[in-house]
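Please keep the view open as you go.

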Amino acid sequence: MKKAIKFTPKEIFFGMNQYRYRWITFNDTLTGGKSTSKLEQQQDWITYSGIIRNINNSAWSCMRSNKIEQDLRDYSLIEIKLKTDGRPYAFEIEYNEGWQNEKLVSMIYTLPHHWTTVQLPIHQFKHAKLRQILDKKLDESVLNHVLRYNFHVAEEITGPFQLDIECIRFI
């Protein structure tokens, strides 16, 4: 069996010419909720939108990439060019196989309806499990085994949401 080679990303673009990463939505319908979301491909970005509904104590949605084994050890910063509706969002780095397992997370807060570039220092990411921040020091060894990325609608605020993403840069 041939072993997959780890990929070291430099940039992820969300325009129509992106082929390495495929993105899907993932909602609380898996846990009895009624939130909905969709992705719309634009020429130079992707629009992730939907409605968060709090049913059965479940109110969440995320946009996630396909699995590609990646190595982020040489990077100290992640830059994301995006436009939000003013809601808080989370950027997550998955390093475990299961979606419900521990991952790294950083919050994103921006002014609404303006394209901006946020900078997320990797040393400020926190370990989280099931959207709860864990009280533990950052284990940077997990950066050697990154599997996918998520954009998560944070803080369970009900109502419509929209996030436009142009690119992610690893610095």
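**Notes on the strands, core and rings**

1. Strands here are DSSP runs (E, at least two residues), numbered from the N terminus, and two strands pair if DSSP finds at least two bridges between them. This is a predicted model, where local features need pLDDT of at least 70 and side-chain atom pairs count only at pLDDT 80 or more, while totals for chains, interfaces and linings use all residues. Residues are numbered from 1 along each chain as its sequence is written, and side-chain values use heavy atoms, with hydrogens and water left out.

2. S8 has another partner: strand S10 (residues 126–129) pairs with S8 in the antiparallel sense over three bridges. Within that pairing, Val 105 has Lys 126 of S10 as its bridge partner. S8 is largely enclosed by the rest of the structure, because five of its six residues are buried. Buried means under 20% relative accessible area, exposed means over 50%, and partly exposed lies in between (1.4 Å probe, protein chains only).

3. Do look at Lys 103, which lies in strand S8 (residues 103–108). Glu 94 stands opposite Lys 103. Does Lys 103 count as buried or exposed, and what is the nearest side chain of opposite charge? Lys 103 is buried yet has no salt bridge, and that nearest side chain, Glu 94, is 4.3 Å away. A salt bridge is a side-chain nitrogen of Lys or Arg within 4 Å of a carboxyl oxygen of Asp or Glu; for charge, Lys and Arg count as positive and Asp and Glu as negative, with His and the chain ends not counted. Not counting residues up to four places away in sequence, Lys 103 touches several residues, among them Tyr 95, His 127 and Asn 150. Contact means heavy atoms within 4.5 Å.

4. The aromatic rings deserve a point of their own, with a count of 13 aromatic pairs. Rings of Phe, Tyr and Trp (its six-membered ring) pair if their centres lie within 6.5 Å; planes under 30 degrees apart count as stacked, over 60 as edge-to-face and the rest as tilted. Phe 26 and Trp 60 form a tilted pair, 5.8 Å centre to centre with 55° between the planes. This pair links distant parts of the chain, 34 residues apart: Phe 26 is in strand S2 (residues 23–27), and Trp 60 is in the loop between S4 and strand S5 (61–65). Phe 26 is buried, with a relative accessible area of 13%, and Trp 60 is buried at 6%.

5. Finally, which contacts does Pro 160 make, leaving aside its neighbours within four places in sequence? They are Gly 50, Ile 51, Asp 85 and Arg 87. Pro 160 has its place in strand S13 and is exposed, with a relative accessible area of 63%. Pro 160 and Ile 52 are 108 residues apart in sequence and 6.3 Å apart in space, C-alpha to C-alpha.

Notes. Helices (H or I, at least four residues) and strands (E, at least two) are DSSP runs, numbered from the N terminus.
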